[in-house]
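Subject: Structure for your review

Dear colleague,

Please find below the structure that I am handing over to you.

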Amino acid sequence: MGEVFRHELTVSDPDVLPVLGERTGLRLGYGSADPEFSYRLSRAGDARGAVSRVHVGGAMSLWGDTATFTVSHVHGRRYDWQTRQETGTAAAGIPVLFRPGHPVLVVAEDVAVTLAHLSVDVVQQTADTVYGTESPVSFTSPVPVSTRLGQYWSELARFSAGVLASAAFDEPVVRADLTRHLAVGLLECFPLRGDRAERYLSMEAQCRRYRIALQYFDDHAADPITVEDAARAARTTTKALVRAFRANHPTGLTPAQYLRRTRMDAAHRELQDADPARGDTVKEIAARWGFAHPGRFAQYYRQVYGTTPRHTLGR
């Protein structure tokens, strides 16, 4: 996930603010002539993505470009934005997307803002996986596809702000999960260039392949099957099946990882029912479920169940 950074500060001089954008790719200038101006920031993240909470007191303006995809969710008195082609306001909680290569001017006054920053690579990789295509990601507008999807992003922004405020944000798994949710939300909530119906057909095909392969693994885990066998059952390629699992499995397991976990669960149940007095051994049970190396089996087992297979067998 990369090195984690955290920023917590309050400033009254807008001239120091451009330095803060370096870690999240905001190449912006800031200005304010308001004697009541204040700027309070809480930001955390890594090279893949970050979340910021900003409170602006008084009036200010900001302008420039961004190297990341950044979505701004705002509540307050005023947050008017303008690109070369469009204008709008986000002060009523309507999200706005800042896109690389689309300079923006914002005039804000007395607002609370939650910003989600996602690297271009993360968004592209997520789009490739979710939609099964490799077309460059390009959004046609900075506003959501619909009011409903705008409201969905608002909920996602509130959730992200809550995670940012918690100690759990420092955990790599939590950040990875949040980054994925934000990337998928970005792709679904804002209008992507290209045929939306075609993307959904791709998603449906991936979901169908995933379900078929999942059932195949569950039904044949005791047999000498491979990931390639599951791909053939789903009438797809191994590469496409990996994408389908990454897009649909709740924890992003690959097909190989899912098959190993399914067999691990079966071995676990057998260990619970086994009896050392009958001559049952960890080594034999592990081998029966495809784990040829007892040491590696014990390592995987401890990671999943928090104990050793020998301890389970001896109970």
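A disulfide is taken here as a pair of cysteine sulfur atoms within 2.5 Å. The structure is a predicted model, in which local features need pLDDT of at least 70 and side-chain atom pairs count only at pLDDT 80 or more, while totals for chains, interfaces and linings use all residues. Residues are numbered from 1 along each chain as its sequence is written, and side-chain values use heavy atoms, with hydrogens and water left out.

Cysteines

The search of the whole structure returned 0 disulfides. C189 is buried, with 1% relative accessibility (buried means under 20% relative accessible area, exposed over 50%, partly exposed in between, using a 1.4 Å probe and protein chains only). C207 is partly exposed, at 25%.

Helix packing

Helices (H or I, at least four residues) and strands (E, at least two) are DSSP runs, numbered from the N terminus. Axes are lines fitted to C-alpha atoms, for helices over the stretch in contact, and angles run from 0 to 180 degrees between N-to-C directions. Angles under 35 degrees count as roughly parallel, over 145 as roughly antiparallel, 65 to 115 as roughly perpendicular and the rest as oblique. Contact means heavy atoms within 4.5 Å.

Helix α2 (residues 147–164) packs on helix α3 (residues 172–189) at about 165°, and their axes are 10 Å apart. The two helices are therefore roughly antiparallel. On the α2 side the contact includes W153, L156 and F159, and on the α3 side the residues include L178, L182 and C189.

Helix α3 also packs against α1, at an angle of about 75° and with the axes 10 Å apart. This makes α1 roughly perpendicular to α3. Among the residues that meet are V122, T126 and V130 of α1 and A183, V184 and L187 of α3.

A further partner of α1 is helix α6 (residues 238–248), whose axis comes within 7 Å of that of α1 and crosses at roughly 105°. The pair is therefore roughly perpendicular. Here D128, T129 and V130 of α1 meet R243, R246 and A247 of α6.

Individual residues

A polar contact is a pair of N or O atoms within 3.5 Å; within protein, one must be able to donate a hydrogen and the other to accept it, and residues adjacent in sequence count only if both atoms are side-chain atoms.

T126 belongs to helix α1 (residues 120–131) and is buried, at 14% relative accessible area. The T126 side chain lies 2.8 Å from the backbone oxygen of V122. Leaving aside residues up to four places away in sequence, T126 touches A183, V184 and L187.

D46 sits in the loop between β3 (38–45) and β4 (49–66). This residue is buried, with 4% relative accessibility, and the D46 side chain makes a polar contact of 3.0 Å with the side chain of R175.

T307 occupies the loop between α9 (294–305) and α10 (309–314). T307 is buried at 16%, and the T307 side chain is in polar contact with the side chain of H311 at 3.3 Å. Not counting residues up to four places away in sequence, T307 touches Y301, R302, T312 and R315.

Yours sincerely
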